[in-house]
Amino acid sequence: MLTGHRSAWRRRGGKSRAARIAVPLAIPMALGLTLGIVLALSGGNHTLINPSALGASASPTVSGSAAATASPSASAAAAAAVAPASSFGGGHVARNQLGDVATAPVDGAGNAINLNQTAAQAAASMNCSLRVPAHPLTAQGLATPWQLGDGCSEANFGTEGAFVEATILSPAGQLQVYNPLVITAGTTPAATPAPPTIAPGSQVILDIGFNGTNLALTGHGAQQGRCVDALDQSLIGQVSACNAVRFYRMANAEIANGTLKVPATGTAGDGQACLTTRNFGTVDMDQSDNVITSYLLNANGQTAQNTAANAAAVAGAQTIINGSDDKLLAAFLDPTNGCTPFTAPNSTDPAGTSGSQALNELSARVNATGTIALVPTNDEMTLVGGQMSVAKTNVYRSLVDQPLLANNTDPAQVAGAYCQNLVNIQPARNQLDMTKELAVGSPVAAVGNSLATFMGNRLAMSFTGLGCQNFGLTNPATVTLDGNQVATAVTFNLTQQTAKVNGAALQGPPAVGGPGLGGGRHRHHQNPDGM
């Protein structure tokens with residue numbers, strides 16, 4: 001197993017990525033896995049609201065005492081059930097491309113991103129650029145390495161690593177996954193990538209993951225690939241994708257006509273429906289982000305695709321991976337609970353098959369039940385100038401095929417509803433699976449000493465990272481930390497809670513079909529035809 005470069009809790013406070021898997025992932029041997037890997041818009045006016053105006057910040061509840069294991073106990077008495085808040089998911093998915101490739105990027109707080117950093121500056125900022133190769137949606141383009149720049153290096157994978165994942169759909173409904181290689185600018189691949197075979201008429205989506213803070217796409221390939229990393233100049237943090245709307249439009253049409261078969265997720269060992277990336281039992285403070293891709297890294301800082309042949313040929317190589325909710329679901333939550341992730345052939349994965357972010361979103365679209373979790377306005381990667389933005393949230397949602405918000409939606413209502421559903425749904429699922437997850441190794445040893453304590457600590461930090469205390473809610477997870485700040489015990493309060501916005505009860509979403517649903521912006525920097 002790899003040793004860590006940095007805590008999974010990147011930063012505490014306003015810029016915390018509290019729930020991200022960003023340090024070495026110790027995949028449990030009980031699951032038969034032996035990898036050593038690193039982790040965890042529509043048009044119109046932009047609606048913004050400052051989340052800090054809704055209330056004061058608070059820290060997650062913790063205890064200084066240590067314990068050897070997590071307690072499976074929870075509050076014995078829970079209040080009467082509270083009806084789930086709206087998912088704000090009644091709109092259409094994007095029909096046209098939304099968003100931009102930033103040319104003078106700023107972060108979610110509005111601070112300018114320096115695209116001419118030294119290595120020392122990059123290490124401090126954890127902001128990087130990624131040059132997209134020419135014609136990235138073609139077979140040859142997929143086999144051409146992307147270049148990590150702006151002072152960053154794949155050798156510093158824990159805080160600067162970028163990863164690319166292609167999901168390819170043919171007109172006949174056949175899927176494959178391919179992991180384009182990222183190299184550090186100025187280096188060469190440790191092994192030459194081989195291009196995939198792509199059937200005529202296929203659609204390719206490129207999902208990009210990042211272990212740092214903000215990633216800016218550069219190069220003419222970003223326009224050629226219909227890539228999006230921002231609303232105007234405001235970067236979506238770690239999140240970017242290429243050709244997303246076209247891929248999902250074809251996939252949804254094939255699902256509707258029966259050409260593309262998405263397998264049922266089934267029932268978990270706890271008797272509940274298997275989790276998806278849109279289940280409140282799975283999500284954290286920034287759901288639906290990052291990828292499953294892994295690479296090989298040699299002692300010279302060169303990378304290669306993680307194939308079995310390359311693993312044998314590249315001496316001393318270690319496996320590196322992106323911090324990913326998708327990996328958490330596929331490698332931990334699904335197998336622990338007797339579920340099977342949605343996978344497809346992948347010539348760039350050592351197993352010859354893998355999941356992907358796009359496959360997980362398709363599975364969630366088809367299989368998600370109950371109260372659906374969708375990217376909320378209080379996700380820090382959807383902020384513009386430090387304020388919640390419906391427009392930027394819709395750009396993010398368009399990249400993962402989620403229903404758009406109407407432009408006249410109150411972003412505070414979306415945020416409050418998301419927090420209410422998180423605190424009322426996830427603790428019960430974590431509690432239900434506690435005994436089983438106590439026997440599974442932690443995804444991130446620096447966060448929890450088992451899968452159960454990891455999930456509890458992740459929930460506690462997500463509560464604070466999303467500002468849920470601003471809606472009159474109480475953190476449902478009480479975490480015991482040892483001297484190294486590792487969670488060793490967790491208990492859940494299952495009392496149902498009701499969120500309030502500025503002291504008033506939550507309101508429902510605007511009527512479906514309101515402004516901004518489905519049509520998308522008609523000003524496109526990279527795609528004048530509006531597709």
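Buried here means under 20% relative accessible area with a 1.4 Å probe, protein chains only. Helices are DSSP runs of H or I with at least four residues, strands are E runs of at least two, and both are numbered from the N terminus.

A word on the source: this is a predicted model, where local features need pLDDT of at least 70, side-chain atom pairs count only at pLDDT 80 or more, and totals for chains, interfaces and linings use all residues. Residues are numbered from 1 along each chain as its sequence is written, and side-chain values use heavy atoms, leaving out hydrogens and water.

Back to α12, which covers residues 451–465. Just after α12, G467 takes a positive phi of about 70°.

Now the cores. A nonpolar core is a set of buried Ala, Val, Leu, Ile, Met, Phe, Trp, Tyr and Cys residues joined through side-chain atoms within 4.5 Å. The largest one has 34 residues, and L130, W146 and L206 are among those with the most contacts inside it. Its largest share, five residues, comes from β7. Another core, of 32 residues, lies apart from it and includes V177 and A251.

Finally, the sheet: five strands form an open, antiparallel one, in the order β8-β7-β10-β15-β12. Strands β8 and β12 are at the edges with a single partner each, so one side of each has no neighbour in the sheet. Pairing takes at least two DSSP bridges, and β10 and β15 are joined by three. Within that pair, I208 stands opposite S240 of β15.

Technical notes
The expected span of a helix is 1.5 Å times one less than its number of residues. Buried means under 20% relative accessible area, exposed over 50%, partly exposed in between (1.4 Å probe, protein chains only).
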